[in-house]
Amino acid sequence: MSNNITIASFLLFTGIIAFVAWRQSRKTKIDTLSGLFLAGRSLGFLVVGGGLLFANINTATMVGENELVYTNNMTVMAWG
């Protein structure tokens, strides 16, 4: 029973996000590369840089670097 509720809620939230994204993407036309990658240059440096940073960080990075620092030394942090 719990598994069915989990699947249903996942599908519901995924569907809502897909619908909202579809509606928002229909409003604006992206015709340049700056429009595609930088939202028409309306986003600031922190938003774009944070998006790139957080897209590159994952659990393996967080756990792996901490383990390597513990087993080796602090040079792993400089390398990362």
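The legends below describe several views of one predicted model, beginning with the whole chain and moving to single elements.

View 1. Residues are numbered from 1 along each chain as its sequence is written, and because the model is predicted, local features need pLDDT of at least 70, side-chain atom pairs count only at pLDDT 80 or more, and totals for chains, interfaces and linings use all residues, while side-chain values use heavy atoms, with hydrogens and water left out. Helices (H or I, at least four residues) and strands (E, at least two) are DSSP runs numbered from the N terminus, and in that direction the elements of this chain run α-α-α-α-α. The mean pLDDT, the predictor's confidence in each residue from 0 to 100, is 77 for the chain, with 76% of the residues reaching 70 or more.

**View 2. The surface of the chain.** Of the 80 residues, 5% count as buried, where buried means under 20% relative accessible area, exposed means over 50%, and partly exposed lies in between (1.4 Å probe, protein chains only). The chain exposes about 7400 Å², of which carbon and sulfur atoms supply 68%; such areas come from the Shrake-Rupley method with a 1.4 Å probe, and for residues only the protein chains shown count as cover.

**View 3. One aromatic pair is found in the structure.** The ring centres of F19 and W22 lie 6.1 Å apart with planes at 35°, so the pair is tilted; rings of Phe, Tyr and Trp (its six-membered ring) pair if their centres lie within 6.5 Å, and planes under 30 degrees apart count as stacked, over 60 as edge-to-face and the rest as tilted. F19 and W22 are three residues apart in helix α1 and are therefore separated by about one helical turn. F19 is partly exposed, with a relative accessible area of 46%, and W22 is also partly exposed, at 47%.

**View 4. Helix α3 spans residues 45-56.** This helix has 12 residues and reaches 17 Å from its first C-alpha to its last, close to the 16 Å expected at 1.5 Å a residue, the expected span being 1.5 Å times one less than the number of residues. Of the 12 residues of α3, one is buried, so the helix lies largely in the open.
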